[in-house]
Amino acid sequence: MMAGIQRFEEIRAWQKARELVKAVYKLSNDGQLAKDFELKNQIRGAAVSVMSNIAEGFARKGQKEFARFLDIARGSAIEVQSLLYVALDVEYISSTKFEQLYSLADETVCLIAKFTSYLRNSAPHI
């Protein structure tokens with residue numbers, strides 16, 4: 001697909017998204033959040049969507065389509081951030097845990113944005 005990257009697992013944004021998924025699953029296994037099936041499933045689904053869309057975009061034929069999937073992944077990471085506010089506001093998680101996961105999601109968003117920009121700038125036809 002791209003020079004230097006042979007597999008989606010090599011993409012730094014995917015690696016960070018994987019960390020986010022692990023953290024979200026760990027967070028949602030305990031406490032009141034574990035019992036709120038709707039919120040738990042939504043935040044888990046959003047986190048998994050980040051990882052999955054990066055991988056799926058990598059498998060697409062062109063950089064334009066890959067960039068589109070990265071946009072979707074970025075949106076899902078921001079959805080995770082928004083859902084973390086819900087968990088905080090209903091007192092399912094502490095402000096410390098909120099900050100940790102929000103920051104991890106933010107790192108993921110930044111990596112995706114940088115990679116998307118790289119793809120769009122390296123291919124003038126996009």
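This is a predicted model: local features need pLDDT of at least 70, side-chain atom pairs count only at pLDDT 80 or more; totals for chains, interfaces and linings use all residues.
Biologist: What makes the contact between the side chains of lysine 16 and glutamate 19 a salt bridge?

Modeller: The term requires a side-chain nitrogen of Lys or Arg within 4 Å of a carboxyl oxygen of Asp or Glu. For lysine 16 and glutamate 19 the N to O distance is 3.4 Å, so the pair meets the definition. Residues are numbered from 1 along each chain as its sequence is written, and side-chain values use heavy atoms, with hydrogens and water left out.

Biologist: Why is lysine 16 called buried?

Modeller: Buried means under 20% relative accessible area, exposed over 50%, and partly exposed in between, with a 1.4 Å probe and protein chains only. Lysine 16 has 8% and is therefore buried, whereas glutamate 19, at 35%, is partly exposed.

Biologist: Which other residue meets lysine 16 in a salt bridge?

Modeller: Glutamate 107 does, at 2.9 Å from N to O. This pair links distant parts of the chain, since lysine 16 lies in helix α1 and glutamate 107 in helix α5, 91 residues apart. Helices here are DSSP runs (H or I, at least four residues), numbered from the N terminus.

Biologist: Why does glutamate 91 count as exposed?

Modeller: Its relative accessibility is 65%, so glutamate 91 counts as exposed. Glutamate 91 sits in the loop between α4 (63-89) and α5 (95-122).

Conventions
Helices (H or I, at least four residues) and strands (E, at least two) are DSSP runs, numbered from the N terminus.
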